[in-house]
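Here is a short report on one structure. It begins with the ligand and then turns to the nonpolar cores.

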Amino acid sequence: MLLPNILLTGTPGVGKTTLGKELASRSGLKYVNVGDLAREGQLYDGYDEEYDCPILDEDRVVDELENQMSEGGVIVDYHGCDFFPERWFHIVFVLKTDNSVLYKRLETRGYNEKKLKDNIQCEIFQILYEEALASYKEEIVHQLPSNNPEDLEDNIDQILKWIEQWVKDHSS
Ligand code: ADP
Ligand code: MG
């Protein structure tokens, strides 16, 4: 059976991992967290002193995922998307959270003042939405509200229905 690949992106804290894991368990699709993958395989290329975090080796991440992605049925979770091959994804969801809600979530994570400010700015300027629009066909890029548990349930229902329809359309 042919299964779609789904990209979940958006500013840190918008709920990609929460949605991705729940979606995977309910749909049977595989879940890949690119941050975890990079950490496990040390897929880094240098260190960003300003942001105090390692720099992702994007080429090695792509190589690492290529086989799995060409098989299909993968949900990918990452706060970036311009380095993935466009052909990988059948649909792209950019999660969106209100500033005050996002601020609280990131504060709970213990982000420092600068990291908090940068991430809130990233959300205000819709950086990840713009990146998704610049990297994928507009028709497959969708924004989803992610403020509360009701949004989460709605998003899961909506995406499960989309998967079901996609599978129908791609079976002969
Ligand atoms: P991301 O993977 O995008 O960084 P997470 O999935 O880790 O975000 O979520 C960040 C925090 O927000 C977690 O504490 C999570 O429980 C919470 N959260 C995520 N989505 C929702 C939602 N729809 N409603 C309420 N809280 C949420
Ligand atoms: Mg996450």
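Which element gives the most to the shell around ligand 1? The answer is α1, with three residues. This is a predicted model.

**Around the ligand**

Ligand 1 is surrounded by 14 residues. The closest are G13, K16, T17, T18 and R109. By class, seven residues of the shell are polar, four are nonpolar and three are charged. Polar contacts to ligand 1 include these:

| Residue | Protein atom | Ligand 1 atom | Distance |
|---|---|---|---|
| T18 | polar side-chain atom | oxygen | 2.5 Å |
| N148 | backbone N or O | nitrogen | 2.9 Å |
| R105 | polar side-chain atom | oxygen | 3.4 Å |

Taken alone, ligand 1 exposes 560 Å². The protein buries 71% of that area. Two or more shell residues come from each of α1 (16-27) and α7 (149-169).

**The nonpolar cores**

In soluble globular proteins, nonpolar side chains tend to be buried together. Here the largest nonpolar core has 27 residues. F84, F89, V92 and Y136 have the most contacts inside this core. Elements that give it two or more residues are the helices α2 (34-41), α3 (58-71) and α6 (127-135), along with the strands β5 (74-77) and β6 (91-96). The largest share, four residues, comes from α3.

What does F89 touch, leaving out residues up to four places away in sequence? Its partners are N5, I6, L7, M69, V76, F84, Y136 and I140.

Another core lies apart from the largest one. This other core has 22 residues, including A24, L116, I120 and I156.

Key:
Residues are numbered from 1 along each chain as its sequence is written. Chains are lettered from A and ligands numbered from 1 in the order in which they are written. This is a predicted model: local features need pLDDT of at least 70, side-chain atom pairs count only at pLDDT 80 or more; totals for chains, interfaces and linings use all residues. Side-chain values use heavy atoms; hydrogens and water are left out. A nonpolar core is a set of buried Ala, Val, Leu, Ile, Met, Phe, Trp, Tyr and Cys residues joined through side-chain atoms within 4.5 Å. Buried means under 20% relative accessible area, exposed over 50%, partly exposed in between (1.4 Å probe, protein chains only). Contact means heavy atoms within 4.5 Å. A residue is near a molecule or strand if one of its heavy atoms lies within 4 Å of it. A polar contact is a pair of N or O atoms within 3.5 Å; within protein, one must be able to donate a hydrogen and the other to accept it, and residues adjacent in sequence count only if both atoms are side-chain atoms. Accessible areas come from the Shrake-Rupley method with a 1.4 Å probe; for residues, only the protein chains shown count as cover. Ala, Val, Leu, Ile, Met, Phe, Trp, Tyr, Cys and Pro count as nonpolar, Asp, Glu, Lys and Arg as charged, and the others, Gly among them, as polar.
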